[in-house]
Amino acid sequence: AGRSGHAPGRPSRVTLVPTHTMELVEAVAARRAAHAGRVEKRESPDKPLDVLVQHLVTVALGGGFISEELYEEVRGAYAYRELTREEWQWALNFVERGGESLHAYPEYHRVQLVDGVYRVPDRGIARRHKLQVGTIVGDATMQVKYLSGGKIGTIEESFIARLKKGDCFLFGGRLLEFVRVQDLVAYVRRAERKRGAVPRWNGGKMPLSNEMGDMMLQVLRGAAQGDFFEPELQAAQPMLVTQQRLSHLPSPGTLLVERYVSREGHHLYLYPFAGRYVHMGLASLLAWRLAKDRPNTFSLSFNDYGLELLSALPVDVSPVLDGRAFTTGHLLEDVLASLNSSELSQRRFREIARVAGLVFTGYPGAPKSMKQLQASSSLFYEVFRKYDAGNLLLAQAEREVLSQELDIRRLSATLKAMAAQRIDEVVLRHPSPMSLPLMVERFREQLTTEKLADRLERILRETEKTLQKTP
């Protein structure tokens, strides 16, 4: 849709280019949701102090401001409706003197009180602020190198930030074990094949929303009852009918759980339809909980519709079938234990530092490299942690990791919904159409395109034989 029809009363034209069959189901769900008026709500950020700091300098440049008057105006914005005077004063001190740890550096004395009005007296500070005003921060990439020094390639920093030492991931056909991040390089070693792995992912796509997930489940329930009247469902009918014959179709109120044993190991598939960001955290959380009492090694895979846990050893799935694995008790501790929360906080802080004006991106024609920006923000992060532990930008980074990176609120809501659903368990003889894309997520990094096509063709041939024998 893009910006099509961006005016009151004008219709938007949406062109759909599906890349797999389930996106045809998404198209039906989106149309039905739009006709029913079920539009995703926008979540307002909670007192983003980096934006407030930038705004204070901007207003000081535009003629200046009086503290009390601007405080009341800012509190009129929904995101800042609960901004306290202490937080306001902290932000004011930060732009005026650089806070507790930067007061010795004149370049961070950006605003001064002149005759009762806060202004920007330094032309150099004013010029730098104008050049990088804004809140859009792009994702960075990191080099991936062996400990021995050989360079492998580059990867999204947002992916590396989630890994803990010893975690394994698939990259360029290799199974690598993550060792550490140093000087903005991710150092790895070759992993043994028996180790678990997470496929590499691209985090820049929009995940499935609650509204879309719920509507897709309703569409699938209709398909299970023979509703294939819309053209997209007619095109998707062969895949959906095959899913019904080999397994079941997910529906509202039920959680489809598929189990399958192959030469790779023991596969466990769940389909919460909560979007891949939630499924990413959910996969790590469930693997960690299932391995607590009985150590095991898991490979994880996830997409918008479900997740796969592949284990080397048999898994006791009773905590999943009776709902014990979906408890929200000790959720925060379990999530932080299953992911690298400190690295995530540091990555989030880099974006906050850029918006707050701590890190300068460079002049036109002489921009700073992403490596320089990463190094500068990492330095601020360490300085604040050691000498200014009460810095509210650090607290904002930790808060945003929980609310945005880990989406702890939606993860908790998903777990509660899963615990209330009826478990629909299916033991598969062959991969189902809905489980196959999760398998492909792992295969794609392990195999060349030709080998991947051969493997998929073999799986499909075996599935066809099973379908011919299934009534």
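Student: Which residues touch the most other members of the largest nonpolar core?
Tutor: This is a predicted model. In that model, L52, L56, W88, F349, L358 and L393 touch the most other members of the largest nonpolar core, which has 38 residues.

Student: Which elements give two or more residues to this core?
Tutor: They are α2, α3 (67-75), α4 (85-97), α5 (123-131), α12, α13 (370-387) and α14 (392-405). In soluble globular proteins, nonpolar side chains tend to be buried together.

Student: Take L52. What is L52 in contact with, leaving aside its neighbours within four places in sequence?
Tutor: L52 is in contact with V74, Y80, L83, W88 and A91, with neighbours up to four places away left out. W88 is also among the residues that touch the most other core members.

Student: Switching to holes. How many cavities of 30 Å³ or more does the structure hold?
Tutor: The count is 1. The space in the largest cavity is about 40 Å³.

Student: What lines the largest cavity?
Tutor: The lining is made of Q54, V57, R110, H129, Q132, V133, R354, V355, A356 and G357. By class, the lining has 4 nonpolar, 4 polar and 2 charged residues.

Student: And which helices supply at least two residues each to that lining?
Tutor: α2 (49-61) and α12 (341-355) do.

Student: New topic, R289. Where is R289, and is R289 buried or exposed?
Tutor: R289 is in helix α9, residues 276-293. R289 counts as buried because its relative accessibility is 10%, and the cut-off for buried is under 20%.

Student: What does the R289 side chain reach?
Tutor: The side chain of R289 comes to 2.8 Å from the backbone oxygen of T327. Beyond four places in sequence, R289 has contacts with A325, F326, T327, G329, H330, L331 and D334.

Student: Last one, E107. Where does E107 lie?
Tutor: E107 is in the loop between α4 and β1 (112-114). With a relative accessible area of 38%, E107 is partly exposed.

Student: What does E107 touch, not counting residues up to four places away in sequence?
Tutor: E107 touches I125 and R128. As for G124, E107 is 17 residues from G124 in sequence, and their C-alpha atoms are 8.9 Å apart in space.

Methods: Residues are numbered from 1 along each chain as its sequence is written. This is a predicted model: local features need pLDDT of at least 70, side-chain atom pairs count only at pLDDT 80 or more; totals for chains, interfaces and linings use all residues. Side-chain values use heavy atoms; hydrogens and water are left out. On a 1 Å grid over the protein atoms alone, a cavity is a set of points where a 1.4 Å probe fits but cannot get out, and a pocket is an open set with protein on both sides within 12 Å along at least five of seven lines; lining residues have an atom within 4 Å of a point. Grid points are joined across faces, edges and corners, and a volume is the space filled by probe spheres set on the points. Helices (H or I, at least four residues) and strands (E, at least two) are DSSP runs, numbered from the N terminus. Ala, Val, Leu, Ile, Met, Phe, Trp, Tyr, Cys and Pro count as nonpolar, Asp, Glu, Lys and Arg as charged, and the others, Gly among them, as polar. Buried means under 20% relative accessible area, exposed over 50%, partly exposed in between (1.4 Å probe, protein chains only). A polar contact is a pair of N or O atoms within 3.5 Å; within protein, one must be able to donate a hydrogen and the other to accept it, and residues adjacent in sequence count only if both atoms are side-chain atoms. Contact means heavy atoms within 4.5 Å. A nonpolar core is a set of buried Ala, Val, Leu, Ile, Met, Phe, Trp, Tyr and Cys residues joined through side-chain atoms within 4.5 Å.
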